[in-house]
Amino acid sequence: MLLTQIPYRKKASSVAFGLLLGLTLLLTASCQESGEQGQLVDMQQPKTECMVKITPVKDQGRSDFCWIYAMLATIESEHLLVDDSVNLSAHFLARKLLEEQAERVYLSNGKQKIRTRGLAQDAIDLMMRGGLTHFDAFQADANYRVVARKVEQAARQAVAQRAGLSNMTKDVERLLDDAIHPAQKAVYWLGAEYAPLEFAHSVCMPDEYVALTSFSHHPFGTKFAIEVPDNVCAHDFKNVSLDSLMNMIDGALLTGHPVCWEGDTSEPGFSFEQGFAHLENEDQEVTQQTRQQLFDRLQTTDDHCMEIIGLARNTKGRRYYICKNSWGKDNPFGGLMYLSENYVRAKTLAVWMSWKAIQQ
């Protein structure tokens, strides 16, 4: 089932409250005051100009796995572009990550800690090492922060007891079987049987997605490992000018290709509850220099990952990028977010898109 537009599911309320709310909305003319200078930002749903095909919005729950959800959502949309329907399991990759991290803790003699944060590129690399399966075959309802602590404790206990790597691995596997989902050795899809690694390679190749960023403290046209805490593996990003980056994002969306977005969601103007992200001063131009200053002053942080799925414009002509989030559907747009063009220009750390989107 494709999700093109999800209606807002309003919560039940009394008639009196509904009348009062309606009167309030009428008096405020459907606008909200935002920013230091108090400029008015239209909070009504912008009109969609283009939107790629997407799978249903998911909920990452109590986890830090937005980078997995966003990358899988991007891969799913890329396949839908050619009418190849896939819906992929983030929980399968979450389990694989915890297995790898447990081994890391053990072999470091307990000095390392389990990390559950990462970048979208880490999701691709994890697939290439551990495989993948489809959504319906591997679901879970786990508090991954609690599970991660239990896995780390099990690995440290094995270190203290000098239990051996194989025994530690068996203990962690039993823990993950109970807490998440039993390990899956085969993937059954459209009448065929795959090993998880074969299935992963059938939906994504290692070099299929291009990583892009835009910062002037490195030369444009070169690659560099972006200096953010979650880039533990020192992944390289091609550095392009801000205008080039925006043009590449637009070009991908206008030709039906999704874009995976990594950026800052700590701004006061980012509100999942309202479904919008604005800068404090939307009327101020965001230049390459503005963007660099925010990064240099540590005012742009590495917080969240989403899939950019479309372009929209409001009644005042302000442009927005539509994003598929992974925090469930409980907002006015069924879990989708509208990021202003200025927000994307200022607060994007990196994007990933298929090489096919760039070569068109």
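This is a predicted model: local features need pLDDT of at least 70, side-chain atom pairs count only at pLDDT 80 or more; totals for chains, interfaces and linings use all residues.
Now the overall picture. The chain has 360 residues, and 51% of them count as buried. It contains 11 helices and 15 strands. If we take the contacts between residues at least 6 apart in sequence, 77% of them join residues at least 24 apart.

On to the aromatic rings. How many aromatic pairs does a search of the whole structure find? The number is 15. I will go through two of these. In one, F276 and Y320 have ring centres 5.6 Å apart and planes at 70°; angles over 60 degrees count as edge-to-face, so that is what this pair is. F276 belongs to strand β11, residues 276-277, and Y320 to strand β13, residues 319-324, so the pair ties together parts that are 44 residues apart in sequence.

Are these two residues buried or exposed? The cut-off for buried is under 20% relative accessible area. F276 has 1% relative accessibility, so it counts as buried. Y320 has 0%, so it counts as buried as well.

The other pair is F333 with Y338. Their ring centres are 4.9 Å apart and the planes stand at 75°, so this pair too is edge-to-face. Both F333 and Y338 are buried. There is also an aromatic cluster, formed by F270, F272, W327 and Y343.

Last, a pair of helices. Two packed helices are described by the angle between their axes and the distance between the axes. Here the helices are α2, residues 66-80, and α4, residues 120-130. They pack at an angle of about 75°, with the axes 8 Å apart. Angles from 65 to 115 degrees count as roughly perpendicular, and α2 and α4 are therefore roughly perpendicular to each other.

Which residues make the contact? From α2 they are W67, I68, M71, L72 and I75. From α4 they are A120, D122, A123, I124 and M127. By type, the residues of this contact divide into nine nonpolar, one charged and no polar.

To go back over the main points: the search finds 15 aromatic pairs, F276 and Y320 link strands β11 and β13, and α2 packs against α4 at about 75°.

Key. Residues are numbered from 1 along each chain as its sequence is written. Side-chain values use heavy atoms; hydrogens and water are left out. Axes are lines fitted to C-alpha atoms, for helices over the stretch in contact, and angles run from 0 to 180 degrees between N-to-C directions. Helices (H or I, at least four residues) and strands (E, at least two) are DSSP runs, numbered from the N terminus. Angles under 35 degrees count as roughly parallel, over 145 as roughly antiparallel, 65 to 115 as roughly perpendicular and the rest as oblique. Contact means heavy atoms within 4.5 Å. Ala, Val, Leu, Ile, Met, Phe, Trp, Tyr, Cys and Pro count as nonpolar, Asp, Glu, Lys and Arg as charged, and the others, Gly among them, as polar. Rings of Phe, Tyr and Trp (its six-membered ring) pair if their centres lie within 6.5 Å; planes under 30 degrees apart count as stacked, over 60 as edge-to-face and the rest as tilted. Buried means under 20% relative accessible area, exposed over 50%, partly exposed in between (1.4 Å probe, protein chains only).
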